[in-house]
Amino acid sequence: MDIESGRVIICGAGPGGSALALVLASRGVPVTLLERHDDFTREFRGEWLNLSGRRALEQMGLGAALASVPTLAPSGATVFVNGRELFTMHAGDPDDEQDHLLVSQPALLAEIVREAAAYPNFTFVPQTTVRGVIRDRDRVVGVSATHRGERITYSGDLVVAADGRSSVLRRASGLQISADHGGGYDMIWFKAPPPADVDPRVGYQFLQRNGTAFTHPHPDGVHQYGWAFAKGRSAELRRDGGIAWLDAMCSHVPGNFADHLRAIGNGIDAAFFKIVSHHLADWYVPGLLIIGDAAHPMSAVGGQGINMALRDAVVVANLLGPLLLKGEPNLAIIDAAARAVATERVPEIARIQALQERGSKVLNLETKSAQFMMERVLPLLGKRAAPLLARGVGTTREFTVGVTDVKLAF
Ligand SMILES: Cc1cc2nc3c(=O)[nH]c(=O)nc-3n(C[C@H](O)[C@H](O)[C@H](O)COP(=O)(O)OP(=O)(O)OC[C@H]3O[C@@H](n4cnc5c(N)ncnc54)[C@H](O)[C@@H]3O)c2cc1C
């Protein structure tokens, strides 16, 4: 089946794709949003929302949507180094430079799409997996997809790839990625209750050489756990019916956490993530614009990726929104504006990815200076070392509010 979608086809209803769809649709641009999943109830990779992302949502008119979904501000974080508890930072401490919130991403995405659906020029098509692009000579003019086993093509003036870190559309574009800033780690990621003897409102950071672990509360009432392990160990960690990782991770957390996780054992539904972090230098080939993780997959450090994807959406709306509202769009002008998206966004993405890489080295005590700071200075200074740790990990103003000035003007 061939569907003439009109103006914009957005592929992927993650934070980047759904927010962009809402802004464009609310201003009158015809938008079709394609998503491979049926709904948003799946597991997500991290749900920290920083001030930079919250401001983007508010500018898009999504402040009320954010207020209506489950969120949580952890009341602090307890830091352990090499198994020894050092201090707890409390939210609101004078040293607490962070201003972030955990948000239930499934609820937020569902709310964004629900708001977009109020506009007659918006179409959401779930259960639709995009397979590739359709070209007319050198220009992308649509995508091919499958919907419940049926092959469908969608054509439009502009295709936006917001299909995440394994983007099929990025591969189809032929655009080249920069060097990988992901460091030498992959990650195990799961939700489970906290041990009964710890404060459930607080997060826990277990810092040690080559493999930091953490847990923090989540709006749905459980804790989010993560453990970074050296790349190349996935196969070994999946042995023993898939839970060899449990013993390995338990050697990186204090005894009460280890006992608790072992007791849950097989009941833990753990996901293995390859940590990748890189970006495209150009985000556009004629007719196809790539944004969010599809253009710049982000690592977990500092909870930045959702925020960066939302800020991409703001810039795309500013540069392309007014052009897409015009009756018969001038494709040459659209091309120039779409190319300018990367020019505006790459400086922030490159800086944040470099900070994430540096943060990963500190969290995993990889460098001599990180080992000195964590193993010698922190135990001496205790809580007074918190700002030093925050700066080392990169949780500075840049992680909180972003690097460049991003404001919705469309
Ligand atoms: C372990 C880990 C933890 C993280 N923690 C955080 C955090 O706490 N805070 C934070 O801000 N960032 C975090 N990140 C990064 C964050 O997950 C991403 O940067 C962010 O989700 C990117 O948003 P996006 O909209 O670009 O893509 P995604 O959120 O990946 O959304 C892409 C969408 O496209 C859909 N899709 C994919 N392929 C197709 C297809 N072929 N056809 C149709 N639809 C398709 C997917 O189903 C999905 O809905 C973390 C990353 C990792 C690896």
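**Entry 1: the ligand**

I started at Val130, where a backbone N or O atom lies 2.9 Å from a nitrogen atom of the ligand. I note here that the model is a predicted one, and that the distances I write down were computed from it.

I then looked at Glu35. One of its polar side-chain atoms is 2.7 Å from an oxygen atom of the ligand. For Gly303, the backbone supplies the atom: an N or O there is 3.3 Å from a ligand oxygen. I also looked up how much of the ligand the protein covers. The ligand taken alone exposes 1,000 Å², and 96% of that is buried by the protein.

Next I asked how many residues surround the ligand. I found 34, and the closest are Glu35, Arg42, Val130, Asp293 and Ile306.

I looked up how the protein is divided. Domain 1 is made of three stretches, 2–71, 99–179 and 279–356, while domain 2 runs over 185–274. I wrote down that 13 residues of domain 1 and 10 residues of domain 2 take part in the contact. Going by C-alpha atoms, the centres of domain 1 and domain 2 are 31 Å apart.

Which area is buried between domain 1 and domain 2? I have it as about 860 Å², with carbon and sulfur atoms giving 61% of it.

**Entry 2: contacts between the domains**

I looked for charged pairs and found 1 salt bridge between domain 1 and domain 2. I also noted a salt bridge between the side chains of Glu47 and Lys191, at 3.8 Å from N to O. For polar contact, I have 3 residue pairs between domain 1 and domain 2. I sorted the side of domain 1 that touches domain 2 by class: 6 residues are nonpolar, 3 are polar and 4 are charged.

Notes: Residues are numbered from 1 along each chain as its sequence is written. This is a predicted model: local features need pLDDT of at least 70, side-chain atom pairs count only at pLDDT 80 or more; totals for chains, interfaces and linings use all residues. Side-chain values use heavy atoms; hydrogens and water are left out. Domain bounds come from an automatic or database domain assignment. Contact means heavy atoms within 4.5 Å. Buried area is the accessible area (1.4 Å probe) that two parts lose on being put together, summed over both. A salt bridge is a side-chain nitrogen of Lys or Arg within 4 Å of a carboxyl oxygen of Asp or Glu. A polar contact is a pair of N or O atoms within 3.5 Å; within protein, one must be able to donate a hydrogen and the other to accept it, and residues adjacent in sequence count only if both atoms are side-chain atoms. Ala, Val, Leu, Ile, Met, Phe, Trp, Tyr, Cys and Pro count as nonpolar, Asp, Glu, Lys and Arg as charged, and the others, Gly among them, as polar. A residue is near a molecule or strand if one of its heavy atoms lies within 4 Å of it. Accessible areas come from the Shrake-Rupley method with a 1.4 Å probe; for residues, only the protein chains shown count as cover.
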